[in-house]
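Please read them with the coordinates open.

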Amino acid sequence: MGSADSKLNFRKAVIQLTTKTQPVEATDDAFWDQFWADTATSVQDVFALVPAAEIRAVREESPSNLATLCYKAVEKLVQGAESGCHSEKEKQTVLNCSRLLTRVLPYIFEDPDWRGFFWSTVPGAGRGGQGEEDDENARPLAESLLLAIADLLFCPDFTVHSHRRSAVDSAEDIHSLDSCEYIWEAGVGFAHSPQPNYVHDLNRMELLKLLLTCFSEAMYLPPAPDSGSTNPWVQFFCSTENRHALPLFTSLLNTVCAYDPVGYGIPYNHLLFSDYREPLVEEAAQVLIVTLDHDSATSTSPTVDGTATGTAMDDADPPGPENLFVNYLSRIHREEDFQFILKGMARLLSNPLLQTYLPNSTKKIQFHQELLVLFWKLCDFNKKFLFFVLKSSDVLDVLVPILYFLNDARADQSRVGLMHIGVFILLLLSGERNFGVRLNKPYSVRVPMDIPVFTGTHADLLIVVFHKIITSGHQRLQPLFDCLLTVVVNVSPYLKSLSMVAANKLLHLLEAFSTTWFLFSSAQNHHLVFFLLEVFNNIIQYQFDGNSNLVYAIIRKRGVFHQLANLPADPPAIHKALQRRRRAPEPLSRTGSQEGASMEGSRPAAPAEPGTLKTSLVATPGIDKLTEKSQVSEDGTLRSLQPEPQQSSADGGPAVGTDEGDSWSREPGQVWRERRQLPSTAGGQWSPTPEWVLSWKSKLPLQTIMRLLQVLVPQVEKICIDKGLTDESEILRFLQHGTLVGLLPVPHPILIRKYQANSGTTAWFRTYMWGVIYLRNVDPPVWYDTDVKLFEIQRV
């Protein structure tokens, strides 16, 4: 039958379904088979031939027909899984049912009355649909569907290579088949790389798309602040009920990490061969991050049978969470597996950067946001992986792409989510001493970025990019300032030598943040000054010797520190500062920051194209909820500092328990604007008082810097007068050989603010991840124009 005919017949069946007001019997195979038996429709055809309005009409007007359609389609998938899909006809039927369910499921999820449908058993159906069996042992439809998909993903000659020696061999029995021998790709726990097969990849992709659609029920529930809601589809699929959980987890992970978009290392190869692997890799990455959506802050860990996990998983640890995918991920422990994962991630994350050296030499991948979520999950759930990443300078192969994305997306409000996840990853890494140490490696890779040219280390790159985000990103990023500066504070005690460019950038930030109108216009803004002073103190006390550039910059800008020490707190001064604020709407002045020319070949960070779709995000917790303070002891170990109850923290931070981050329904940008708006007593808004200014002004940690200025300024001035100098190099040479040993206050203990798991971040990740998946699945547009509740779809 020609494809035009089969489309016509399929469309006729759809019309019959929407116009029949009488229920069609489930036993009427002649009618139901029209939907999947003789047709060869692509998934795009199914979306075109089954319009949304008609699905909704059947749902409202003849619900029993929609129920039967779903039930019969699942039954066909179950039969295909039982039989092993040997004939072409069976394979075609499975694919058609899979496409049809992918089309229909979102419309079942969007209606609260239908939501329980897949979790009910179909009366008189039993397991095999003969109606003979006792209803008691009937599985809910959702479970039958998920188990069938899992079986079909390891179906010889359909989604995996057959291991039969010859055609005479009996067909492999799908029930006795050990799917661990059929893992899709070499890598973690599997050494054999099967021959690539275009058809198998396409079939896997269709089934994974259906699986992702099953999981997407989460999109139709509003964001829950406690984030404790587990997704029943994910919960069942990742439980011991699914005998393919381990090989499927491994297949997905290995497929993503082994992917090489360049085409086996040959530049321009992708122009010769169409790459059918990429769509599968994207789908695999999306399914993987959804299965790993798990609240590590509240996880309880029932026992899991560790016998079948092979040697790739670490059995020494206590049993992990019930979700087997999270469990397996947290127990990977072999060095070579970590190496494989990290190399693969770094290769894929760096892919968009390669474009800029040899334009079009490699295929540009689009799924870096999914990769960043996966990288976050790996570091968050598997501490051994995190330590492995930081053990060598390989971490820089992940850092540079993240800084590239942050810099590139800073002006684009449709990419706020990308900015957040990039900063969250850096916050997580910065809690480990090794990250700061690694940043001292010279930065020689010249990725064209829209930042000033500098010669220096990866630490300089990080500071220059952060400065650019703060001074020229759009205002929706302001809630991230605390996070960005916390990263800099965490790494500062280990930075051996900042470049002059980076040193000037840090002082420019201090200058901008310590203007009176900025300090007095919000209850929070002074924290940014505390963070920067902490950075300077750490470097002066622990890395004075190599940091003459920073010391010189502090001496040149000494006025800023004197101004802070003499900050006026009387009512007229406060009033005057706020008046000035009204005249200066520009959030941070760019003047005074000598912007050098940007790197050659770079393009300025562009705002979003008008009309770009974006999804809303829930607010992130404040930095005090996001991190936990630890003190570094003499021997380098960390000691957690318990926050004092209801006391204002020593750095003038907010009292514990006051957190604006929990404003769930609102956007971070909105919360920030409300927090930072002009204080006035009207309407019960916050307003600065002299007492408030003095309460934190007295805690400004200026002693170390003032002592440094007291000792060095007269000496530098003397050199200038004696030698008639206007030349920096001579002064820098003097500062390089100078010492402050015995002249500074006793070094303070190093404070590290480590990321701590919290349900607020888990909820943020859930919203962000589903938003990415919603926007990235446009062909076919699986969720487009359905009534999602987890986020809003907005046009820029």
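1. Axes here are lines fitted to C-alpha atoms, for helices over the stretch in contact, and angles run from 0 to 180 degrees between N-to-C directions. Helices (H or I, at least four residues) and strands (E, at least two) are DSSP runs, numbered from the N terminus. With those conventions, helix α20 (residues 458-472) packs on helix α21 (residues 481-491) at an angle of about 165°, their axes 11 Å apart. The two helices, α20 and α21, are therefore roughly antiparallel to each other; angles under 35 degrees count as roughly parallel, over 145 as roughly antiparallel, 65 to 115 as roughly perpendicular and the rest as oblique.

2. α20 and α21 cross in the left-handed sense, a crossing being left-handed if the near helix is turned anticlockwise from the far one by less than a right angle, and right-handed if clockwise. On the α20 side the contact is made by L462, F466, I469 and I470, and on the α21 side by F481, L484, L485, V487 and V488; contact means heavy atoms within 4.5 Å. By class, the contact of α20 with α21 has nine nonpolar residues, no polar and no charged ones. For this count Ala, Val, Leu, Ile, Met, Phe, Trp, Tyr, Cys and Pro are nonpolar, Asp, Glu, Lys and Arg are charged, and the others, Gly among them, are polar.

3. On provenance, this is a predicted model: local features need pLDDT of at least 70, side-chain atom pairs count only at pLDDT 80 or more, and totals for chains, interfaces and linings use all residues. Residues are numbered from 1 along each chain as its sequence is written, and side-chain values use heavy atoms, with hydrogens and water left out.

4. Overall content: the protein chain has 33 helices and five strands. Of its 796 residues, 57% count as buried, where buried means under 20% relative accessible area, exposed over 50%, and partly exposed in between (1.4 Å probe, protein chains only). Taking contacts in the protein chain between residues at least 6 apart in sequence, 78% join residues at least 24 apart.

5. α13 passes α17 in a left-handed crossing. L342, A346 and L349 of α13 meet D397, V398, P401 and F405 of α17 in the contact. Those residues divide into six nonpolar, no polar and one charged.

6. Helix α13 also holds G344. G344 is buried, at a relative accessible area of 0%. C257 is 87 residues away from G344 in sequence, yet their C-alpha atoms are 4.4 Å apart.

7. How many disulfides does the structure hold? It holds zero, a disulfide being a pair of cysteine sulfur atoms within 2.5 Å. C85 is in no disulfide, and the nearest cysteine sulfur, that of C155, is 4.7 Å away. C85 is buried, with a relative accessible area of 1%. C483 is also counted as buried, at 5% relative accessibility.

8. S87 sits in the loop between α5 (63-83) and α6 (88-109) and is partly exposed, with a relative accessible area of 31%. D157 is 70 residues from S87 along the chain, and their C-alpha atoms are separated by 10.0 Å. D157 lies in the loop between α7 (141-152) and α8 (198-215). D157 has a positive phi of about 70° although it is not a glycine; D157 is partly exposed, at 35% relative accessible area.

9. The peptide bond from D779 to P780 is cis, with omega near 0°. D785 lies in the loop between α33 and β5 as well, and has a positive phi of about 65° despite not being a glycine. D785 is exposed, with a relative accessible area of 56%.

10. P690 belongs to helix α30 (residues 690-697) and is partly exposed, at 22% relative accessible area. Leaving out residues up to four places away in sequence, P690 touches A569, P571 and I574. P690 and I574 are 116 residues apart in sequence and 7.9 Å apart in space, C-alpha to C-alpha.
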